[in-house]
Amino acid sequence: MSAATETRPGPTEAAAGLRARGVVMRFGGVTALDDVAIELAVGTWTGLIGPNGSGKTTLLNVLSGVYRPQAGSIELDGVDVGGARAGRLARAGIVRTFQHPQLAESLTVWENLLLGVDLRRRRQGRRGAEAPAGPGAEELLEVFGCTRYAGHLPAEAPYGIRKSVELARAVVAEPGVLLLDEPAAGLSKEERSELVGSLRWVRERRPDLAVCLIEHDVRLVAAVCPTIQVLNFGRVLAVGTAAEVLRAPAVQEAYLGRSARHLDRDGGGS
Ligand SMILES: Nc1ncnc2c1ncn2[C@@H]1O[C@H](COP(=O)(O)OP(=O)(O)OP(=O)(O)O)[C@@H](O)[C@H]1O
Ligand SMILES: [Mg+2]
């Protein structure tokens, strides 16, 4: 269990996927990220956990080009993309969802999915003809349980459906890197277990996808992410398998306010 190594990749080990190192992000006097590294290799699912305010969303904002960090490097498939804006990164294959779903409210659920399809089409030229076709919009609406709301405006759908629509829209864009900010927040227990099923379905259908999933529900994280990275006060506290990270004394300590036993119960043995 360790943070990413300090060595620079040679040409042959230029990792496919997203890799950030030494990221520093300050807001005035607040250091939200302090020398943070993360590696999202092709075909891996990484859970990003940590107490409130530990910098999880800020890291996603940096990786998706919403924020430009004061220091650090970000590489996509071995190419430096540091400083690129969100739109360019989305076209390059880094697609994300938000802690509070961001949908086009004047469009129907179906039309929101078509925005993802449109992004996929704009990316297609870059990916080449041999790129495998991922699941389509209709199939994703079905998998995420949104089909009956296809003709409705997002505002007419329950919160859980709005979150699912945003996720389906992200997946239909066929990203190379998918960044999910608390996809289970605000969902009922039943909706959470359906979400786990949908995410596992995506994992099987898109084995080439690199995913970073932020979530407070460590049981859910461990159910879909073999690797977990922990942030605490803007620094990487631990990286490793779900079982070893959730049992690490430093991680339990960081979560003491939320009950370390809760971590043991939810994360252990999953
Ligand atoms: N735009 C901003 N301006 C000023 N401070 C910010 C901004 N965004 C984040 N911060 C600060 O950076 C720190 C990390 O916030 P961040 O939202 O990344 O935490 P988080 O781990 O996502 O928390 P949560 O689990 O509550 O969503 C906090 O102290 C927060 O107040
Ligand atoms: Mg957050």
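This is a predicted model: local features need pLDDT of at least 70, side-chain atom pairs count only at pLDDT 80 or more; totals for chains, interfaces and linings use all residues.
User: Which residues of helix 6 are buried, and which are exposed?

Analyst: Leu195, Ser198, Leu199 and Val202 are the buried ones. Viewed down the helix 6 axis, the buried residues stay within an arc of 100 degrees, so they line one face. Lys189, Glu190 and Glu204 are exposed on the other side of the helix.

User: What covers the buried residues of helix 6?

Analyst: The cover includes helix 4 (137–143), helix 5 (159–172) and helix 7 (218–224).

User: How do I read the largest nonpolar core?

Analyst: In soluble globular proteins, nonpolar side chains tend to be buried together. Here the largest nonpolar core has 76 residues, and Ala168 and Leu213 have the most contacts inside it. Helix 5 gives the most to this core, with 7 residues. Apart from neighbours within four places in sequence, Ala168 is in contact with Leu113, Leu140, Leu141, Phe144 and Cys146.

User: What surrounds ligand 1, and which element gives the most to its shell?

Analyst: Begin with the residues, then ask which elements carry them. Among those surrounding ligand 1 are Phe27, Asn52, Lys56, Thr57 and Gln99. By class, the shell has 3 nonpolar, 8 polar and 1 charged. Strand 2 (30–41) and helix 1 (56–63) each supply at least two shell residues, and helix 1 gives the most, with 3 residues.

Methods:
Residues are numbered from 1 along each chain as its sequence is written. Chains are lettered from A and ligands numbered from 1 in the order in which they are written. A residue is near a molecule or strand if its C-beta atom, placed from the backbone, lies within 6 Å of it. Helices (H or I, at least four residues) and strands (E, at least two) are DSSP runs, numbered from the N terminus. Ala, Val, Leu, Ile, Met, Phe, Trp, Tyr, Cys and Pro count as nonpolar, Asp, Glu, Lys and Arg as charged, and the others, Gly among them, as polar. A residue is buried if 20 or more other C-beta atoms lie within 10 Å of its own, exposed if 12 or fewer, and partly exposed in between; C-beta atoms are placed from the backbone. The arc is that of the directions from the helix axis to the C-beta atoms. Two residues are in contact if their C-beta atoms, placed from the backbone, lie within 7 Å. A nonpolar core is a set of buried Ala, Val, Leu, Ile, Met, Phe, Trp, Tyr and Cys residues joined through C-beta atoms within 7 Å.
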